[in-house]
Structures are given as C-alpha cells and as structure tokens.
Amino acid sequence: MKVQVFDTKGTSVKEINLNDAIWGIEPHQQAMYDAVVAQQSAMRQGTHKVKTRTEVSGGGRKPWRQKGTGRARQGSIRAPQWKGGGIVFGPTPDKNYIKHVNRKVRKLAIKSALSLKAKESNLVIVDQFALNEPSTKTMVEILANLKVNNEKLLIVTKPGDEVIVKSSRNIEKVNIIPSDGINIYDLLNANKLLVTEEVIKTIEEVYA
C-alpha cells in the first residue's frame with residue numbers, strides 16, 4: 001500500500017510503502033470489540049461500596065421487646081427493612097472486572113484498527129514535526145496545514161518526545177500517546193491518526 005508523506009506545511013513530499021500485513025488486512029470486528037471491552041473493563045476503578053447492617057452506625061439494642069407489643073418482632077433498627085439500615089447484596093469492591101483477551105487477539109485488534117484508519121483515508125503521515133521547543137501556536141498551524149485541525153485527532157509520537165506532547169496537550173480534540181502505548185480504545189476513539197515516518201517504522205517493527 002502506497003501513501004503520501006507530508007511536511008509540516010501540508011505539502012506532499014514523497015510516497016512510502018506500508019506493510020500490508022499491518023495496514024492492509026481486513027479489519028476483524030470481533031477482535032476489536034473484545035479488545036475494547038477488555039480495555040474498558042480494566043479502566044473501571046471498582047471502588048463502589050455500600051454498608052451492610054454490620055457497618056452502619058446505631059442499632060445496638062432491640063427497638064422494643066420481643067413479645068407483647070402487638071408489633072412485629074425487630075432485632076435492630078439497622079436491619080435492611082428499616083430506613084437508614086444496611087444494604088443487602090449491594091456493590092462491594094471485591095468484584096473483579098478484568099477480562100482476559102489472548103495476546104494474538106489483542107495484536108489482531110490493533111492491526112485491524114490501523115488497517116481501518118488506512119482503508120478509510122484517516123491516516124496522515126508527516127515526515128517530521130521539526131519543533132525545537134514546545135509551541136502550541138506552531139502545532140496548531142501544523143495541524144491546520146495538514147487539514148486535521150477540526151478533527152478528533154490521535155497523535156502517536158516516539159517515546160519521550162516531550163516537545164510534541166507539551167505542544168499538543170492543550171489543543172482541543174487532540175490526544176497524544178507514545179508508540180509503545182498504542183491501544184485499541186484510543187485508535188478507534190479518534191477520527192484521524194497522525195504519525196511521523198519514524199513512528200510508522202516503529203509500529204511495523206513491533207506488529208509485523
């Protein structure tokens with residue numbers, strides 16, 4: 001698969017060949033679905049908690065004697081049927097939300113998402129950003145030149161590229177992740193994928 005490479009002014013400078021084993025496969029819908037569900041499940045904190053009758057305060061004595069009052073017997077005002085009483089079968093932090101997905105399925109899901117971006121012409125490749133120091137203004141101009149400034153954008157950078165991260169993190173609709181942090185959720189959550197030629201080579205080395 002041949003794609004255009006642009007400079008920061010939005011001018012096409014050359015064509016490169018993408019590895020069809022990564023960027024040209026038929027997207028596997030089920031693999032992407034399973035991977036997204038697993039990632040969203042892993043993002044859940046699981047800190048929800050309610051108090052049982054042993055944890056709510058008060059209710060240390062019977063509200064009235066067992067017999068002779070004409071009312072139903074009660075043992076504590078903190079029993080579940082009382083207002084302010086404990087909760088029965090409520091959520092606790094003991095529940096495990098982790099869903100396991102096979103490594104090959106996760107890899108297939110990533111390649112499917114990358115292929116989907118390339119297939120739908122939502123992959124934009126720039127030769128290099130060439131920023132010597134952080135500048136949000138310059139980055140906004142670059143995105144405008146590449147015609148992705150109004151898109152929900154995912155920028156994949158090389159690990160440790162703080163200049164690009166600091167230049168992009170305050171721009172609306174822009175998400176930045178390093179190439180070693182590529183994940184299915186961020187790929188599918190973005191309308192456009194912006195990468196450098198160097199990152200393309202890194203991705204192909206990992207997923208080929």
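Rings of Phe, Tyr and Trp (for Trp, its six-membered ring) form a pair if their centres lie within 6.5 Å; planes under 30 degrees apart count as stacked, over 60 as edge-to-face and the rest as tilted. The exercises below concern a predicted model, in which local features need pLDDT of at least 70 and side-chain atom pairs count only at pLDDT 80 or more, whereas totals for chains, interfaces and linings use all residues. Residues are numbered from 1 along each chain as its sequence is written, and side-chain values use heavy atoms, with hydrogens and water left out.

**Exercise 1. Determine how many aromatic pairs there are, and classify the geometry.**

Step 1. By the rule above, the count comes to one aromatic pair.

Step 2. The partners are W64 and W82, with 6.0 Å from centre to centre and 45° between the planes, and the pair is tilted.

Step 3. Helices (H or I, at least four residues) and strands (E, at least two) are DSSP runs numbered from the N terminus. Both W64 and W82 lie in the loop between helix 2 (29–43) and helix 3 (103–119), so the pair ties together parts that are 18 residues apart in sequence.

Step 4. For accessibility, buried means under 20% relative accessible area, exposed over 50%, and partly exposed in between (1.4 Å probe, protein chains only). W64 counts as buried because its relative accessibility is 19%, while W82, at 26%, is partly exposed.

**Exercise 2. Describe how helix 3 packs with helix 2 and with helix 7.**

Step 1. Axes are lines fitted to C-alpha atoms, for helices over the stretch in contact, and angles run from 0 to 180 degrees between N-to-C directions. Helix 2 and helix 3 pack at about 110°, their axes being 8 Å apart.

Step 2. Angles under 35 degrees count as roughly parallel, over 145 as roughly antiparallel, 65 to 115 as roughly perpendicular and the rest as oblique. Helix 2 and helix 3 are therefore roughly perpendicular to each other.

Step 3. Contact means heavy atoms within 4.5 Å. Helix 2 contributes A31, M32 and A35 to the contact, and helix 3 contributes V105, L108, A109, S112 and A113.

Step 4. Helix 3 and helix 7 (residues 197–207) pack at an angle of about 145°, with 11 Å between their axes. Here K107, I110, K111 and L114 of helix 3 meet I203, V206 and Y207 of helix 7.

**Exercise 3. State whether S167 is buried or exposed, and name the residues that it touches.**

Step 1. S167 belongs to helix 5 (residues 162–168). S167 is buried, because its relative accessible area is 0%.

Step 2. Leaving aside residues up to four places away in sequence, S167 touches L131, E133, P134, S135, T136 and M139.

**Exercise 4. Give the phi values of K147 and K173, and locate both residues.**

Step 1. Most residues other than glycine have a negative phi.

Step 2. K147 has a positive phi, near 60°. K147 is found in the loop between helix 4 (136–145) and strand 4 (153–157), and is exposed at 68% relative accessible area.

Step 3. K173 also has a positive phi, near 70°. K173 is found in the loop between helix 5 and strand 5 (174–178), and counts as partly exposed at 48%.
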